[in-house]
Amino acid sequence: MATVKTKTSTSVDKVFKIIKDRDVRVIDLKFTDLLGQWQHFSVTTSEFNEEVFEDGIGFDGSSIRGFQKIHESDMILFPDPESAFVDPFTAVPTLSLICDVADPITRENYSRDPRNIARKAESYLKSTGIGDTAFFGPEPEFFILDNIRFDQSYHYGYYYIDSEEGFWNSGANGEANLGHKPRYKEGYFPTSPIDSLQDLRTEMVLTMESIGIAVEVHHHEVATAGQTEIDMKRATLTRMADNYLTYKYVTKNVAKKHGKTVTFMPKPIFGDNGSGMHVHQSIWKAGKPLFAGTGYAGLSEMAMYYIGGLLKHAPALCALTNPTTNSYKRLVPGFEAPVNLAYSQRNRSASVRIPMYSSNPKAKRIEFRCPDPTCNPYLGFSAMLMAGLDGVINKIDPGKPLDKDIYDMTPEQLRDVPSTPGSLTEALDALERDHDFLLRGDVFSEDVIETWIEYKTDKESKPMQLRPHPFEFMLYYDA
């Protein structure tokens, strides 16, 4: 296991230049728990110096989900100077630094640190000689809501979502009902006043750009009630995972500033589209794209094998890329979600799509459409890369493309098309059976896989199975 790298003096100097130029008073140290949520604590600039980059700063790892037990709780954070940005939401000038987690005794990178796993995945790619850079471009979708209430106890459970845009409010008899609400499944792409969130999305985008995240496009999504998509420009694996957590931080805090709330739940609203996170990916070497070729949809043989790896390991991948019980309210056969484990050059109901917008070889990529925005990006992107590389190494044939309209196909025609798991339990079972490809290069470890499966089973899947659902009362109370 590699030890934490010494930071370059140049990058550290840049941090202290920002502190001086922007009159920074507080340093906020962020790191990621196993499930993919940022954790943080702050120190004043008087307690922050160059030695922190070499010596680290301690914290209690036993209080972090998926990390240490109480008898081995001490851990160390090492700030990454390349991740620095001035926080756009704090009242006092605050510099944010994303950190790597290490063991205080061995000084080695912590095996359960998701960022460490992402770094190891990039190193493994280089070690194979297949390529030297993996680019990722996720397309997260999310809802911008005006109100959310939920509670769960022994004798009751409920949720209540509301949005000024929600079509269910078209008949509301209250203040300022001006109509112009997106109908169910018709939120893509009407202009204002139906799209009421243009200015809010723009503020989110400009805030991201102000702290160094390049954004390509933003728009209203298909669902009513403020479903939104903002797409970042592609970046390397670890950097994109950093950017995605920053993206979540920005979108949630801009919404909060305007009295609104953001959720990345895949399926918060019944009867309308859920939120996915299609992930574009490609491999390059020595500055050249390796997925462009003369084969199907302009792909290279390597890209086809990469697709083969994704499709073969997709059920196991879902345990990491679709990691919540709610994820499988979106991945339901017969609807628009990409549950069919096949590939196509334009068919959006296939789990792998090859975008055909550009003939430029640098734009050639594949799009894995199963994931959703609850995915821990460090783990999810790493797992997708490892599955694709397994396909390249073992020359896994992805089979024939599925270029038909899946919704017009008969059950007999779909019989031989495999689909994604039907529940988180099924996905975790698939991961337990099929994870050797993740262990190559010590990218993931058995301990990480076991911890993930145990946590998700005990904390999410089983508790969900034990609780009655409100709709069951509709169905069965008078049985």
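Hi everyone, thanks for coming. Please keep in mind that this is a predicted model.

Let's begin with the helices. Two packed helices are described by the angle between their axes and the distance between the axes. Here the pair is α10, residues 424-433, and α12, residues 446-466; they pack at an angle of about 160°, and their axes are 10 Å apart. Angles over 145 degrees count as roughly antiparallel, so α10 is roughly antiparallel to α12. The crossing of α10 past α12 is left-handed.

Which residues make the contact? From α10 we have Leu424, Thr425, Leu428, Leu431 and Glu432. On the α12 side, the contributors are Ile449, Trp452, Ile453, Lys456, Thr457, Glu460, Ser461 and Gln465.

Now, moving on to Asp434. You'll find Asp434 in the loop between α10 and α11, the latter being residues 436-439. Is Asp434 buried or partly exposed? Its relative accessibility is 24%, so Asp434 counts as partly exposed. If we set aside neighbours within four places in sequence, Asp434 is in contact with Lys312, His313 and Ala316. As for Glu450, it is 16 residues from Asp434 in sequence, and the C-alpha atoms of the two are 12 Å apart in space.

For another residue, have a look at Ser327, which sits in helix α7, residues 327-330. With a relative accessibility of 0%, Ser327 counts as buried. Again leaving out neighbours within four places in sequence, Ser327 is in contact with Pro266, Asn322, Asp372 and Thr374. And how far apart are Ser327 and Asp434 in sequence and in space? They are separated by 107 residues in sequence and by 20 Å in space, C-alpha to C-alpha.

Last stop: strand β16, residues 340-344. Of its 5 residues, 5 are buried, so β16 is largely enclosed by the rest of the structure. In a regular strand the side chains alternate between the two faces of the sheet. For β16, one side carries Asn340, Ala342 and Ser344, the other carries Leu341 and Tyr343, and all of these are buried, which leaves both faces covered.

What does β16 pair with? Its partner is strand β17, residues 350-353, in the parallel sense, over 3 bridges. If you want a spot to look at on screen, Ser344 stands opposite Arg353 in β17.

That's my tour, and I'm happy to take questions.

Methods. Residues numbered from 1 in each chain as written. Predicted model: local features only at pLDDT ≥ 70, side-chain atom pairs only at ≥ 80, totals over all residues. Heavy atoms only, no water. Axes fitted to C-alpha atoms, helices over the stretch in contact; angles between N-to-C directions. Helix = DSSP H or I, 4+ residues; strand = E, 2+ residues; numbered from the N terminus. Parallel < 35°, antiparallel > 145°, perpendicular 65-115°, else oblique. Left-handed = near helix turned anticlockwise from the far one by under 90°. Contact = heavy atoms within 4.5 Å. Buried < 20%, exposed > 50% of the residue type's maximum accessible area, 1.4 Å probe, protein only. Pairing = 2+ DSSP bridges.
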